[in-house]
Amino acid sequence: MKYDVVVVGGGAGGLATSLTLKSLRPDLRVLILRRTKMQPIPCSVPYITETIGSVDGCLIPDAIVKNAGIDLVVDEVVEIDRARKLVKTAGGREFEYGKLVLATGAGPVKLNIPGIDLEGVVLVYKEYEQLAKALEIIKKAKRIVIVGGGFVGLEFADDLASGREVHVVEVLDEVLALAFDREFGELARRKLEEKGVKFHLNASVREIRGKGRVEEVVLSTGEVIPAEAVLISVGVRPNSELAAKAGLTLDEFGHVVVDAYMRSSDPDIYAVGDVAQKRDYFTGKPVKAYFSSIAVAEGRVAAMHIAGIAPAKGFEGALPAFSTVVGDTVLAAAGLTEAAAKQLGIDVLPVKVEAVNRHPTNLRGAAKVTLKAVFVKSDLKLVGVQMAGSEAVGEAINYAAAAIQQSLTAYDIVKMNYATQPLLTASPLAYPLQLAAFQAIVTTSKQR
């Protein structure tokens, strides 16, 4: 069977590509091929145990695809025949394509340690079948060791803490250390410690022990932690085996090398999402950046190009922008941390401000918001923002990300028009990003 566009993978990147194509060109025949029978929402995976309560409550409805007039086949693609422009599946089927989009995502990193294959060890997959098995293991366990103190590890810890003994093992000296400056990581850790989560920093797992199933975890420090389940959350690697087998060019991390319009080394094959190469927004160098928001942006860029709508600029690079919830606190970041900027040799001016998300501050729902902005010292260009506070932080960080992408300076930011309302926002005199920009200007003027 022949299609104008075949998309391999039904996650965020694959869906964005397919839906955008049908919106721009309803005449195109589009097929999604995915190997999982139902498609989980990746970012919701840490909440399947308690907050959501099931894998079935964490699914992207297939109706979205079918209602858009997109064909969907559940089967695994095992080979790409570039010469004949067709894909072959494990089920013995063949599909011809005009353009092919690889959106095969990424899979969890499996640590090479003794006991990793014991029953009770869980890897964080994004496919229905593996998640259902993981949920069954986690639900029964009362003592759980989580390996990895990044976003996913902490979100699992937060969801599992009630009624369980939860330990988090992190090889670095603070949690969230690759995404936030230390003070924000400390805040997240304290919030979880208040819920009873125990942390083991500067430590790694030496061995997982048990007779057939997990019984205890041995750390590099020599400490032994009794456990009934071990959840491994130490990162992911791209699912690029199919691309490699087809002879497409990969980078040093195993991602498919693409141009600004997401075209691979074969002009008829595109790659989007976690499997596609990302280039850092600031340096232009290949970087690991696995976010659904980036996958969606890439999918739309690829679809526009395939549909014949080629904007002057394609995807301009991966700008880190993310948020998480720990206890009752939202943490979010965009761009560079102070530490990351210094590693790049950028002379920066960090500014920290505090505000309240209501005015007057005695209104119901009032809560403190902390914002740390990182400006380039020479011209006060904004390159990074970190925030902690109420739910509003989750959207406020996107406002900050847009300012960074537009290369705005503190002088630009203080002139921006913005809306405030007593029941919704901080006072216009203390709106966090504008307040930080003003403080940067004040500090610079005093140094002259």
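This section describes the nonpolar cores, a surface patch, backbone exceptions and salt bridges of a predicted model.

The largest nonpolar core holds 44 residues. Within this core, V6, I80, V87, L100 and L102 touch the most other members. Several elements give two or more residues to the core. The helices among them are α1 (12-24), α6 (241-245) and α7 (292-306). The strands are β1 (2-8), β2 (30-34), β6 (77-81), β8 (94-102) and β19 (269-271). A second core is separate and has 39 residues, including V45, A141, A188 and A333. In soluble globular proteins, nonpolar side chains tend to be buried together.

L178 sits in the loop between β12 (165-170) and α5 (182-194). Its relative accessibility is 81%, so L178 counts as exposed.

Most residues other than glycine have a negative phi, and most peptide bonds are trans. The peptide bond from H359 to P360 is cis. Its omega is near 5 degrees. P360 is placed in the loop between β24 (348-356) and β25 (368-376).

L380 is not a glycine, yet has a positive phi of about 60 degrees. L380 lies in the loop that runs between β25 and β26 (382-389). The residue counts as buried because its relative accessibility is 1%, and the cut-off for buried is under 20%. S407 also has a positive phi without being glycine, with a value near 55 degrees. S407 is found in the loop between α9 (393-405) and α10 (410-413). Its relative accessibility is 39%, so S407 counts as partly exposed.

D117 and K110 form one of them, with an N to O distance of 2.6 Å. D117 is exposed, at a relative accessible area of 63%. K110 is partly exposed, at 42%. The side chains of E79 and K88 also meet in a salt bridge, at 3.9 Å from N to O. E79 is partly exposed, with a relative accessible area of 29%.

K368 forms a salt bridge with E354. The closest N and O atoms of this pair are 3.5 Å apart. K368 belongs to strand β25 and E354 to strand β24, so the pair ties together parts that are 14 residues apart in sequence. E354 is partly exposed, at 48% relative accessibility. The loop that contains P360 lies between the two strands, β24 and β25.

Salt bridges also join into a network. Its members are D181, E183, E338, K342, K352 and K372.

Key. Residues are numbered from 1 along each chain as its sequence is written. This is a predicted model: local features need pLDDT of at least 70, side-chain atom pairs count only at pLDDT 80 or more; totals for chains, interfaces and linings use all residues. Side-chain values use heavy atoms; hydrogens and water are left out. Helices (H or I, at least four residues) and strands (E, at least two) are DSSP runs, numbered from the N terminus. Buried means under 20% relative accessible area, exposed over 50%, partly exposed in between (1.4 Å probe, protein chains only). A nonpolar core is a set of buried Ala, Val, Leu, Ile, Met, Phe, Trp, Tyr and Cys residues joined through side-chain atoms within 4.5 Å. A salt bridge is a side-chain nitrogen of Lys or Arg within 4 Å of a carboxyl oxygen of Asp or Glu.
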